[in-house]
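Here is a short briefing to read with the model open beside you.

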Amino acid sequence: MKSLFIVANWKSNKTLSEVKEWVEKLPVNVSSVDREVIICPSFTLLSDLKNLAINKNLKIEIGAQDVSAFEQGQYTGEVNAAQIKDFAKYVLIGHSERRKNFKETNQTLEQKVAMAKNYNLVPIFCIQGNDTYIPSGVEVVAYEPFFAIGTGNPDTPENAEEIGSMIKQKGFKTFLYGGSVNLENVKTFTSMPSIDGVLIGKASLDPLEFSKIIESS
Ligand code: PGA
C-alpha cells in the first residue's frame with residue numbers, strides 16, 4: 001500500500017477559538033492511520049495548532065500556505081521561511097488563488113521555492129495543468145485545475161491520473177490532486193497509480209468530515 005498525503009488547506013478561514021474546537025472534535029483515531037496528514041492554517045495559527053496537536057498527541061504535520069520570497073528584513077507584512085520553519089515542515093507554493101489575486105509570477109514562485117528549500121521546508125507546489133512551470137528543487141506537485149477549486153466540480157480521476165503520470169515522467173516524486181475532493185470521491189483519486197494523495201480545501205474545515213475522508217482514502 002502506498003503512503004498517502006492528505007493535505008488540508010484551510011485558506012483564510014478559522015479564528016483561534018475555531019481551531020481549538022476543530023482539534024477538540026477531531027477523532028483521535030486520525031493518528032492511527034498510515035497517512036501523512038498535513039494541516040495548512042493561516043500564519044497566525046501555526047504556533048497554536050502545533051501546540052494543540054502535541055497536547056492531544058495527534059499525528060499531524062503543519063504546513064504554511066505561503067512563504068516570503070525574501071530573507072528576514074525590511075519587507076513589511078511578509079512572513080519568511082526562517083520564521084515558518086519554527087512551526088511547519090511543509091509550505092504551499094503557487095496556489096492558483098495566490099497567482100490570481102496576488103499576481104504571483106513564475107519568477108516569484110521560483111524565489112519562494114528556493115527560500116523554502118534553504119530552510120528545509122518542503123514545498124508543495126501547485127500547478128494548474130501539465131504545462132505549468134515547475135521550479136527546480138520541487139518534489140511534491142499538486143495538480144489543482146481552476147475549474148475544480150471550490151466549485152463542487154472535480155476533475156475526473158482518469159484525467160488527474162494522466163497528468164500525474166506525465167508529471168512523474170518528468171521526474172517529480174510525489175503527485176497530489178486537489179479540487180472539490182470530498183468523502184464520496186476521495187478514493188477514486190487515491191486509488192489511481194500515479195496519485196499519492198489529495199489536497200482538500202472546503203471539506204477539511206469540518207473535523208468529522210475531514211477524519212472520515214482520511215479513513216476513506
Ligand atoms: P476545495 O479547494 O477542496 O475547496 O476545492 C482545494 C484547494 O484549493 O486547495
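Let's begin with Ser96, which is buried, because its relative accessible area is 5%, under the 20% cut-off. Please keep in mind that this is a predicted model.

**Around Ser96**
- Ser96 belongs to helix H4, which covers residues 96-101.
- Leaving aside residues up to four places away in sequence, Ser96 is in contact with Gln128, Phe146 and Ile149.

**Cysteines**
- You will find zero disulfides in the structure.
- Cys40 is in no disulfide, and the nearest cysteine sulfur, that of Cys126, is 9.0 Å away.
- That distance is too far for a bond between Cys126 and Cys40, because a disulfide needs the sulfur atoms within 2.5 Å.
- Cys40 counts as buried, with 0% relative accessibility.
- Cys126 likewise counts as buried, at 0% relative accessibility.

**Largest pocket**
- The volume of the largest pocket is about 400 Å³.
- Its lining is made up of 19 residues, and Phe43, Gln65, Asp66, Arg98 and Phe102 are the ones nearest the centre.
- Sorted by class, the lining of the largest pocket holds six nonpolar, eight polar and five charged residues.

**Second largest pocket**
- The second largest pocket has about 320 Å³ of volume.
- Lining this pocket are 22 residues, with Gly150, Ser180, Gly201, Lys202 and Ala203 nearest its centre.
- The classes in the lining of the second largest pocket are eight nonpolar, ten polar and four charged residues.

Key:
Residues numbered from 1 in each chain as written. Predicted model: local features only at pLDDT ≥ 70, side-chain atom pairs only at ≥ 80, totals over all residues. Heavy atoms only, no water. Helix = DSSP H or I, 4+ residues; strand = E, 2+ residues; numbered from the N terminus. Buried < 20%, exposed > 50% of the residue type's maximum accessible area, 1.4 Å probe, protein only. Contact = heavy atoms within 4.5 Å. 1 Å grid on protein atoms, 1.4 Å probe; cavity = no way out; pocket = protein on both sides within 12 Å on 5 of 7 lines; lining within 4 Å. Points joined across faces, edges and corners; volume = space filled by probe spheres on them. Nonpolar A, V, L, I, M, F, W, Y, C, P; charged D, E, K, R; others polar.
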